[in-house]
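Welcome, and please open the model in your viewer. We will walk through it one selection at a time.

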Amino acid sequence: TLKNPNEPEFLQAVLEVAETVIPFIEQNAKYQNKMLLERMVEADRIVIFRVAWIDDKGEIQVNRGYRIQMNSAIGPYKGGLRFHPTVNLSVLKFLAFEQTFKNSLTTLPMGGGKGGSDFDPKGKSDNEVMRFCQSFMIELSKYIGADIDVPAGDIGVGAREVGYLFGQYKKIRNEFTGVLTGKGVSFGGSLIRPEATGYGVVYFAQSMLATKGNDMKDKIVTVSGSGNVAQYAVQKATQLGAKVVTMSDSAGYIYDADGIDAEKLAHVMYLKNELRTRISEYVLKYSNAKYIEGAKPWEQKCDIALPCATQNELDEESAKTLVANGCICVAEGANMPSTYEAVVVFHDAKILFAPGKASNAGGVATSGLEMSQNSLRLSWTAEEVDEKLRKIMLNIHAACVQYGADADGYVDYVKGANIAGFVKVADAMLAQGVV
Ligand code: NDP
């Protein structure tokens with residue numbers, strides 16, 4: 001706390017890991033007295049830089065850019081870029097710290113990183129977004145590279161932004177490499193990358209449900225968010241026979257008792273990805289649905305909840321409501337969407353609960369597959385990538401069960417994910433000496 005004042009999100013993420021990993025270290029002599037966790041909470045390096053750009057009125061705007069290179073014990077730094085006004089050092093450090101464990105869980109050779117800016121893409125023209133991305137990359141390009149650090153998308157950074165960032169990197173460095181993932185398919189992107197995080201969350205939920213002899217069929221699902229992760233979580237859950245009744249954005253949520261089927265989801269994608277407007281507009285077309293302003297979907301009765309918007313969007317009160325309404329499974333699509341207190345509620349109720357670092361790892365795993373395809377100079381089919389994604393999610397689930405099963409048979413997926421992620425990074429750090 002003393003070393004990281006005013007960084008509540010980072011401290012929250014570290015506390016959750018420390019609580020589960022410290023007892024494991026105490027039981028395993030090889031990890032003792034090596035200051036492993038102490039080293040892991042300290043980033044390899046952090047760069048903070050000015051991003052000046054010119055808006056459509058010809059006025060100069062100034063934002064702050066960041067890249068956190070957290071840990072490269074098992075591979076080049078890897079993690080997304082977030083463009084959102086709430087971006088600060090605490091948020092990016094928590095994300096980079098979690099990313100290190102998540103990337104380790106994927107079994108692919110990727111270290112942990114994260115970056116972004118307090119730039120708000122909302123309400124900006126395409127040209128403004130492009131000029132911002134170009135200015136951002138002028139500085140970021142000094143620190144990244146296909147074998148050094150490979151950024152990707154996150155909140156506010158999708159295919160459009162990755163395209164502009166890649167174009168600028170190529171211009172500055174005169175090299176065409178897999179320096180970013182989430183690229184367009186015509187210039188090195190992987191099929192299934194846009195779908196991967198959302199699909200992966202649902203695959204993970206399927207594995208959890210299977211441990212109880214259950215599945216997605218006919219389940220009522222609440223989803224928060226309406227961005228990349230939420231859209232494809234809705235698509236996959238619906239394909240598997242579930243009925244998704246909510247989606248949201250930062251202003252409120254829609255409730256559709258008939259379910260957000262494929263046609264309605266296509267309309268959500270049009271509203272959010274093409275028009276870049278609000279989820280509230282859903283009810284203009286589907287008048288049977290309700291829009292509830294300023295609230296979160298967790299007040300609706302469901303069997304499965306998939307929080308896919310942002311950190312700390314599901315608090316203790318919401319967790320209690322979910323449990324009281326009979327929710328049996330919560331799988332995080334976003335990073336740390338449940339507060340510390342909410343996770344305690346889920347564990348006390350012994351419902352299935354998956355932390356984002358396990359259940360949303362399909363996105364970065366598929367980014368890892370994009371890096372492999374770029375290095376090999378070839379493209380796998382959608383079926384091939386989807387099959388690899390499924391296998392990776394199954395393996396992550398198995399690793400969580402291996403390290404997270406309690407004496408009474410209840411699987412603590414938080415403990416399982418933290419320890420499984422820790423072991424690989426710790427072993428690599430031990431082998432590489434004190435650096
Ligand atoms: P998008 O930008 O595509 O969508 C974000 C969604 O979350 C939007 O609906 C947005 O609403 C909502 N949101 C953002 N900030 C807030 C807030 N402060 N309060 C309420 N709602 C908010 O991002 P992604 O779908 O890519 O990311 C969503 C989450 O998933 C993040 O936690 C991200 O870190 C995580 N994640 C993403 C991965 C990926 O592959 N994209 C991989 C792994 C994790 P609005 O439009 O109103 O801002």
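**Stop one: the sheet**

Start by colouring the 7 strands that make up an open sheet of mixed pairing, ordered β9-β8-β7-β6-β10-β11-β12. Strands here are DSSP runs of E with at least two residues, helices are runs of H or I with at least four, both numbered from the N terminus, and two strands pair if DSSP finds at least two bridges between them. At the edges stand β9 (290-293) and β12 (352-354); each has a single partner strand, so one side of each has no neighbour in the sheet. This is a predicted model, where local features need pLDDT of at least 70, side-chain atom pairs count only at pLDDT 80 or more, and totals for chains, interfaces and linings use all residues. Residues are numbered from 1 along each chain as its sequence is written.

Now select β6 (residues 220-224) and β10 (residues 304-307), which pair in the parallel sense over 4 bridges. Ser-224 has Pro-307 in β10 as its bridge partner.

**Stop two: the ligand**

Show the ligand and the 26 residues surrounding it; the closest are Gly-227, Asp-249, Ser-250, Ala-334 and Gly-363. Being near means a C-beta atom, placed from the backbone, within 6 Å. Helix α7 (residues 228-239) contributes the most to this shell, with 3 residues.

**Stop three: Lys-114**

Lys-114 sits in strand β4 (residues 112-117). Is Lys-114 buried or exposed? Lys-114 is buried, because 31 other C-beta atoms lie within 10 Å (the cut-off for buried is 20 or more, for exposed 12 or fewer, with partly exposed in between; C-beta atoms are placed from the backbone).
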